[in-house]
Amino acid sequence: MEHIASYIQEHQQRFINELIELLKIPSVSADSAYSQDVWNCAEAVQKSLQDAGCDVTEICETPGYPVVYGEKIIDVSLPTVLIYGHYDVQPADPLNLWDTEPFDPVIRNTEIHPEGAIFARGACDDKGQMYMHVKAVELMIATNQLPCNVKFMIEGEEEVGSANLSWFIERNHDKLKNDVILISDTGMIAKDVPSITTGLRGLSYVEVEVTGPNRDLHSGLYGGAVANPINILTKMIASLHDENNHITVPGFYDKVEELSAKERAAMAEAPFSLENYKKALDINDVYGEKGYSTNERNSIRPTLDVNGIWGGYIGEGAKTVIASKAYAKISMRLVPDQDWKEITELFQKHFESIAPEAVKVKVKPHHGGQAYVTPIDSMEYQAASKAYEETFGKTPIPQRSGGSIPIVALFEKELQSKTILMGFGLDSDAIHSPNEHFGVWNYLKGIETIPYFFKHFTELSKS
Ligand code: BES
Ligand code: MN
Ligand code: MN
């Protein structure tokens with residue numbers, strides 16, 4: 001393909017400026033105070049698809065935030081790549097831990113990104129990575145080398161569980177018809193170690209509520225005589241792992257896919273330094289399930305984690321009180337072939353069963369999704385692999401990720417196509433965290449690599 005590098009060279013400042021404008025819109029899907037901003041962001045994305053050269057662009061309403069759709073069909077006999085991404089972002093909290101404003105993007109150099117990184121909520125997850133595709137398509141159209149058809153489906157509810165995306169997909173099978181789904185919403189191992197994500201974990205997210213007495217009580221008058229819901233909740237949570245850090249929910253591991261020794265050996269070959277890992281997180285040691293390495297613990301093994309816990313008095317000073325209620329939000333990351341609905345039920349049953357008579361327990365399921373794994377011998381994977389070879393000069397390493405994009409498993413079921421996950425973020429980019437950023441180098445490298453996926457996918461489809 002010609003002129004890719006030179007087109008990027010010539011337009012890179014504009015590519016960066018446009019992304020910065022998009023990052024200024026606080027499209028936080030979790031918080032209804034930002035509802036207008038989420039809608040504004042959808043419009044901005046639609047306009048960017050128009051500007052890139054799409055023939056059709058639409059804001060498609062759903063029961064929630066809209067899906068932005070775009071397409072450029074050059075020849076119905078050619079294959080179609082469907083690009084999925086999300087324009088919504090996580091809440092920016094806790095604000096006081098940001099060095100600069102989350103919705104006032106700035107470019108700063110870091111040790112890992114000496115070429116500069118854009119600091120803003122959503123810079124990497126997923127506005128920056130989604131926008132790489134918009135610019136890659138602009139580039140292919142502008143230089144007259146778009147080799148096949150392209151469709152965009154950019155949603156606004158990924159960070160809150162994509163509750164309405166299945167609604168949209170079910171009603172739009174024809175519109176979304178494609179030969180492969182391409183997503184950049186994951187990461188890669190390092191800037192000089194390209195990798196393709198071959199797996200995502202599933203998820204079951206629940207909220208638990210423990211109720212003791214019918215009102216908050218004086219902890220002197222009643223303390224010792226009634227159940228304290230916070231004491232009980234923490235004890236119940238502690239019992240969910242045993243001394244080997246196995247999860248104690250009965251049946252939890254029944255369907256877990258066990259990898260062969262050969263597969264585990266292949267995984268262990270991916271470059272990884274435990275020392276650097278600990279240093280980057282400022283921890284003296286790692287912690288997790290006995291018998292598994294760090295990389296296995298965070299990708300091929302299921303987990304159970306408290307994401308938040310509250311109750312009682314947390315204001316200034318001290319208040320002597322036994323709270324009436326205590327709460328926690330718990331996520332379980334799942335692996336093939338666990339079923340998220342079944343796991344949610346197993347958890348619910350178990351959690352209710354371990355509660356003492358003295359309290360009442362409610363388990364409220366939030367959302368979830370199935371895990372996903374792709375084979376590396378597919379034509380789709382080979383096309384992606386060749387694309388990285390062109391722009392990194394190396395064969396990318398297949399790597400299963402610990403994160404979740406629940407809709408991916410559904411794509412395969414509903415649209416019968418394979419998903420390829422070409423992520424360009426780094427673990428150190430602090431997604432979902434204060435000071436999220438995305439390397440300018442990674443952004444431009446993504447824009448450069450994507451067109452080669454289109455080229456190789458189209459060529460391999462014909463052969
Ligand atoms: N882009 C992430 C998922 C991700 C990040 C996968 C890095 C692999 C590597 C996505 O936006 C996300 O945050 N997903 C949520 C799940 C969702 C249901 C809220 C997650 O993984 O917590
Ligand atoms: Mn994401
Ligand atoms: Mn996310």
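This report looks at a helix pair and a manganese site in a predicted model.

**The helix pair**

Let's start with how H1 and H3 meet. Helix H1 covers residues 4–23 and helix H3 covers residues 127–142; the two pack at an angle of about 140°, and their axes are 10 Å apart. That angle makes H1 oblique to H3, since only angles over 145 degrees count as roughly antiparallel. The crossing itself is right-handed.

As for who touches whom, H1 brings in residues including Ile 4, Tyr 7, Phe 15, Leu 19 and Leu 23, while H3 answers with, among them, Met 130, Tyr 131, Leu 139 and Ala 142. Arg 14 and Glu 18 of H1 also take part, as do Lys 127, Lys 135 and Glu 138 of H3. Sorted by type, the residues of this contact come out as 11 nonpolar, 1 polar and 5 charged.

**The manganese site**

Now for the metal. The protein donors of the manganese ion (ligand 2) lie 2.0 to 2.4 Å from it:

| Residue | Donor atom |
|---|---|
| His 86 | NE2 |
| Asp 125 | OD |
| Asp 185 | OD |
| Asp 185 | OD |

Along the chain, the donors follow the spacing H-x38-D-x59-D. His 86 sits in strand S3 (residues 80–86) and Asp 125 in the loop between strand S5 (117–119) and H3, so this pair ties together parts that are 39 residues apart in sequence.

What makes the arrangement around the manganese ion (ligand 2) irregular? The 6 donor atoms subtend angles of 56 to 166°, whereas an octahedral site would need opposite donors over 155 degrees apart and all others between 65 and 115.

Methods:
Residues are numbered from 1 along each chain as its sequence is written. Chains are lettered from A and ligands numbered from 1 in the order in which they are written. This is a predicted model: local features need pLDDT of at least 70, side-chain atom pairs count only at pLDDT 80 or more; totals for chains, interfaces and linings use all residues. Side-chain values use heavy atoms; hydrogens and water are left out. Axes are lines fitted to C-alpha atoms, for helices over the stretch in contact, and angles run from 0 to 180 degrees between N-to-C directions. Helices (H or I, at least four residues) and strands (E, at least two) are DSSP runs, numbered from the N terminus. Angles under 35 degrees count as roughly parallel, over 145 as roughly antiparallel, 65 to 115 as roughly perpendicular and the rest as oblique. A crossing is left-handed if the near helix is turned anticlockwise from the far one by less than a right angle, and right-handed if clockwise. Contact means heavy atoms within 4.5 Å. Ala, Val, Leu, Ile, Met, Phe, Trp, Tyr, Cys and Pro count as nonpolar, Asp, Glu, Lys and Arg as charged, and the others, Gly among them, as polar. Donors are N, O and S atoms within 2.8 Å of the metal (3.2 Å for Na, K and Ca); water is not among the atoms, so sites may look incomplete. Four donors count as tetrahedral if all angles lie between 85 and 135 degrees; four count as square planar and six as octahedral if opposite donors are over 155 degrees apart and all others between 65 and 115; anything else is irregular.
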